[in-house]
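Please look through the structure below, and then follow the explanation that leads from one part of the chain to the next.

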Amino acid sequence: MSDVMSAPRGELRLPVKQTIRLAYSSFALHGDDLVRASWLWMLLVGVTVAVAYNTSWQTAAIFLQLFAAASIAVAWHRTLILGERQVFLGSDATDRRLWRYILSAFLLFLLTFVPLLAMGGLGRWLILLARSAGAGPLESVLMLPLRLAVLAATIMMTCRLTLVLPARAIGKQEPSFRESWAQTRGNTWRLFWGALTTSIPYFVIVQLFAPSLPGSPNAPDTVTTSADTGDIAKAVAYSLLYMLTLQTNVAFLSHAYQYFFSSRSLPQTADVSDHAPA
């Protein structure tokens with residue numbers, strides 16, 4: 001990896017269209033591995049979401065879903081990068097690679113979205129302060145460029161730092177966040193469009209199911225309101241499809257990681273036997 005990371009930065013330009021094609025074709029070639037890595041988690045999450053729907057246990061069900069998605073993602077990374085065939089579990093809860101993956105994801109959240117949330121709070125405070133001083137509605141317009149700048153910085157940081165996640169999934173301590181930032185220089189838009197394109201299945205699922213989930217305008221207002229079988233079925237379907245469709249983005253990160261930190265080239269197909277490490 002050190003040889004790749006010391007290469008001239010100008011030579012590293014991610015072939016984004018090819019990477020996107022590989023991300024989607026991975027499902028066709030390795031869908032059986034994804035099913036084996038996810039079926040037990042999906043069963044557990046499905047039952048939990050159904051039981052906890054519209055109750056005070058709903059938050060716990062969401063955390064379980066996120067944990068399950070991380071476990072599936074680690075197994076999926078390992079399949080695509082290492083050519084590791086999955087057994088009927090995926091990553092178990094005692095796997096240190098899984099916890100390092102979760103810790104890295106949490107640190108990524110702190111580095112990117114927390115400043116965005118903090119800036120949003122600061123903006124609202126400044127607007128209230130200006131209004132209390134007798135200023136007109138112009139202060140909201142003046143805050144818009146600052147908000148857009150912070151949002152752009154958040155997107156840029158997220159795209160260029162997420163490549164630490166595939167590394168943690170396969171048990172590597174490199175790259176660090178700083179190394180990921182340096183190695184992906186000049187590829188922000190490539191990574192952004194790749195991540196956006198491979199997130200389309202998830203966006204479709206959100207549009208189909210999210211309006212009927214708790215917290216939305218069409219959902220029951222309180223935890224005491226009874227939900228019919230259709231509402232519960234939609235919540236379960238959304239949770240399961242969320243975990244599956246998220247893996248297209250995971251596949252994109254896997255192939256992008258291989259390009260930047262391993263081979264500096266992409267295979268012609270998503271067949272892991274063609275490019276898995278010996």
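In which helix does Phe 27 lie? Phe 27 belongs to helix H2, which takes in residues 16-52, and the model in which we find this residue is a predicted one. At a relative accessibility of 24%, Phe 27 counts as partly exposed, because the buried class ends under 20% and the exposed class begins over 50%. Leaving aside neighbours within four places in sequence, Phe 27 is in contact with Leu 34, Trp 76, Leu 244, Gln 247 and Thr 248. The C-alpha atoms of Phe 27 and Ala 251 are 8.8 Å apart in space, although 224 residues separate the two in sequence.

Of the 278 residues in the protein, 43% are buried. Among the contacts between residues at least 6 apart in sequence, 80% join residues that are at least 24 apart.

A straight helix of 37 residues would span 54 Å at 1.5 Å a residue, whereas H2 spans only 40 Å between its end C-alpha atoms. In H2 there is also a kink of about 80°, centred on His 30. Just after H2, Asn 54 takes a positive phi of about 60°.

Helix H10 can be examined by the span test too. The 33 residues of H10, residues 229-261, should span 48 Å at 1.5 Å a residue, and the end C-alpha atoms are 48 Å apart, which agrees. Even so, H10 has a kink of about 25°, centred on Thr 248, a residue that was listed above among the contacts of Phe 27. Because 24 of the 33 residues of H10 are buried, this helix is largely enclosed by the rest of the structure.

On the side of H9 the contact is made by Pro 201, Tyr 202, Ile 205, Val 206 and Phe 209, and on the side of H10 by Lys 234, Ala 237, Tyr 238, Leu 241, Tyr 242, Thr 245 and Thr 248. The residues of this contact divide into 9 nonpolar, 2 polar and 1 charged.

Ile 200, which also lies in H9, counts as partly exposed at 44% relative accessibility. The C-alpha atoms of Ile 200 and Leu 246 are separated by 9.4 Å, the two residues being 46 places apart along the chain.

Not counting residues up to four places away in sequence, Thr 198 touches Ile 20, Ala 23, Tyr 24, Thr 248, Asn 249 and Phe 252.

Another loop remains to be noted. Pro 175 has its place between helix H6 (164-169) and helix H7 (177-183), and the peptide bond from Glu 174 to Pro 175 is cis, with omega near 5°.

How values were computed: Residues numbered from 1 in each chain as written. Predicted model: local features only at pLDDT ≥ 70, side-chain atom pairs only at ≥ 80, totals over all residues. Heavy atoms only, no water. Contact = heavy atoms within 4.5 Å. Helix = DSSP H or I, 4+ residues; strand = E, 2+ residues; numbered from the N terminus. Expected span 1.5 Å × (residues − 1). Bend = angle between axes of the 7 residues up to and from the residue. Buried < 20%, exposed > 50% of the residue type's maximum accessible area, 1.4 Å probe, protein only. Nonpolar A, V, L, I, M, F, W, Y, C, P; charged D, E, K, R; others polar.
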